[in-house]
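Here are a few notes to keep beside you while you turn the model around for the first time.

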Amino acid sequence: MNVAINVKEPSDLIDMAKKVDANEFLQLVENITQLLAKESGQIGSMQIAGRLVSTPPVGEAIVVGDIHGDLESLMIVLKDSDFMKKSRKDEDVTMIFLGDYGDRGLYSPEVYYVILKLKELFPKHVVLMRGNHEGPDDLLAHPHDLPAHLQRKFGDVASHVYTRIRELFNYLYSGVLVDERYVLLHGGVPSQASTIEDLAFAHEKHPRETHLEEILWSDPREGMRGTYPSPRGAGRLFGEDITEKLLKILNVKVLIRGHEPTGEGFKINHGGKILTLFSRRGPPYYNEFGAYLHLNLSEKMENAKQLIQHVHKF
Ligand SMILES: [Mn+2]
């Protein structure tokens with residue numbers, strides 16, 4: 001009965017992802033949509049309000065940046081971090097995905113399958129955030145090749161599968177807050193936000209407020225103040241003053257985000273107030289390395305530079 005018994009190694013998940021048929025995939029999407037819709041209040045040590053997860057600074061966290069259809073990188077992260085073994089033993093470990101699972105790689109449906117299956121297997125140990133490639137219907141990312149890859153995999157029923165997975169996207173998390181330590185967002189700082197509620201309910205305030213758009217799409221820039229329009233066509237470019245303001249509002253030290261490819265798999269901005277992670281390699285990006293973060297949340301960090309020792313490059 002318990003499917004977890006048959007899923008021991010990351011490679012088992014990859015095999016299942018390659019073989020999955022439309023019915024099984026749809027069932028998984030349905031299960032996780034219902035699971036995410038029900039997540040609220042206290043779950044383990046996590047507190048859920050709207051689409052924001054707050055967690056005390058205890059236990060281990062594995063933070064994974066953009067995957068973009070790269071099944072091989074996802075497997076490296078799962079193997080290297082020992083996440084499945086640790087969560088099977090119910091150790092205090094949480095894998096937090098920063099979003100952008102599909103598009104641009106060859107295996108978008110397969111990557112969605114693996115991350116959703118991880119959530120099904122280890123619900124208290126997995127947090128799935130929303131990237132701009134899982135955005136609301138009025139903010140579609142381009143190029144968006146997920147529909148084509150669903151077509152390749154599922155043929156005639158692909159458009160139905162696509163409709164259902166887009167519904168699921170609305171339940172993914174906008175942010176994670178580790179008390180007095182970190183805020184995790186896919187892209188950047190919601191520059192108009194003045195309260196935690198602006199993050200927690202960004203999805204409900206969209207598109208009247210720009211919080212969700214900026215969380216999903218924005219990028220930090222050096223040597224500027226305030227915000228400027230982004231060349232991406234959505235979100236803003238934001239300066240260090242904007243980052244500092246949000247960190248103060250949330251009483252945390254560092255913003256951990258994904259969204260931007262970077263040669264080494266990670267980079268630091270705004271004098272150590274921001275750590276960027278990009279957890280996939282290969283075309284169409286130029287980065288030589290992917291990287292993820294594996295840290296003990298209780299360790300007190302004041303600056304992203306101190307986090308580098310916990311960054312795993314691959
Ligand atoms: Mn992105």
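**Notes on a first look**

1. Let's start with Trp217. Leaving aside its neighbours within four places in sequence, Trp217 is in contact with Asn132, Gly187, Ser230, Arg232, Ala234 and Gly235. Keep in mind as you go that this is a predicted model. You'll find Trp217 in helix H10. Is Trp217 buried or exposed? It has 23 C-beta neighbours inside 10 Å, so it counts as buried; the cut-off for that label is 20 or more.

2. Next, have a look at H2 (residues 22–38) and H5 (residues 108–121). Their axes sit 10 Å apart, and the two helices pack at an angle of about 50°. That angle makes H2 and H5 oblique to each other, and H2 passes H5 in a left-handed crossing. On the H2 side, the residues involved are Phe25, Leu28, Val29, Asn31, Ile32 and Leu35, and they meet Tyr113, Leu116, Lys117, Lys119 and Glu120 of H5. Sorted by class, the residues of this contact come out as seven nonpolar, one polar and three charged.

3. Now for H1 (residues 10–19) and H3 (residues 71–81). How do these two run relative to each other? Their axes cross at roughly 155° and come within 9 Å. Anything over 145 degrees counts as roughly antiparallel, and H1 and H3 are therefore roughly antiparallel to each other. The crossing of this pair is right-handed. H1 brings Pro10, Ser11, Ile14 and Ala17 to the contact, while H3 brings Leu71, Met75, Leu78 and Lys79. By class, that is six nonpolar residues, one polar and one charged.

4. One more pair: H6 (residues 146–154) and H7 (residues 158–169). The axes come within 8 Å here and cross at roughly 130°, so H6 and H7 are oblique to each other. H6 passes H7 in a right-handed crossing. From H6, Pro147, Leu150, Gln151 and Phe154 meet Ala158, Val161 and Tyr162 in H7. The contact of H6 with H7 has six nonpolar residues, one polar and no charged ones.

5. Helix H11 (residues 240–250) deserves a look down its axis. Which residues of H11 are buried? They are Ile242, Thr243, Leu246 and Leu250. Viewed down the axis, these buried residues fall within an arc of 100°, so they line one face of H11. Lys245 also has its place in H11, but with 15 C-beta neighbours inside 10 Å it counts as partly exposed. Gln192 is 53 residues from Lys245 along the chain, and the C-alpha atoms of the two are separated by 10.0 Å.

6. Most residues other than glycine have a negative phi, and most peptide bonds are trans. Asn251, which follows H11, has a positive phi near 55°. Asn251 is in the loop between H11 and strand S12 (254–257), and it counts as exposed, with 12 C-beta neighbours inside 10 Å.

7. His270 is another residue to check for its phi. The value is near 50°, again positive in a residue other than glycine. His270 lies in the loop between strand S13 (266–269) and S14. Buried or exposed? His270 is buried, with 21 other C-beta atoms within 10 Å.

8. Finally, have a look at two cis peptide bonds. The bond from His206 to Pro207 is cis, with omega near 0°; Pro207 has its place in the loop between helix H9 (202–205) and helix H10 (211–217). The bond from Pro283 to Pro284 is cis as well, with omega near 5°. Pro284 belongs to the loop between strand S14 (274–277) and strand S15 (291–296).

Key:
Residues are numbered from 1 along each chain as its sequence is written. This is a predicted model: local features need pLDDT of at least 70, side-chain atom pairs count only at pLDDT 80 or more; totals for chains, interfaces and linings use all residues. Axes are lines fitted to C-alpha atoms, for helices over the stretch in contact, and angles run from 0 to 180 degrees between N-to-C directions. Helices (H or I, at least four residues) and strands (E, at least two) are DSSP runs, numbered from the N terminus. Angles under 35 degrees count as roughly parallel, over 145 as roughly antiparallel, 65 to 115 as roughly perpendicular and the rest as oblique. A crossing is left-handed if the near helix is turned anticlockwise from the far one by less than a right angle, and right-handed if clockwise. Two residues are in contact if their C-beta atoms, placed from the backbone, lie within 7 Å. Ala, Val, Leu, Ile, Met, Phe, Trp, Tyr, Cys and Pro count as nonpolar, Asp, Glu, Lys and Arg as charged, and the others, Gly among them, as polar. The arc is that of the directions from the helix axis to the C-beta atoms.
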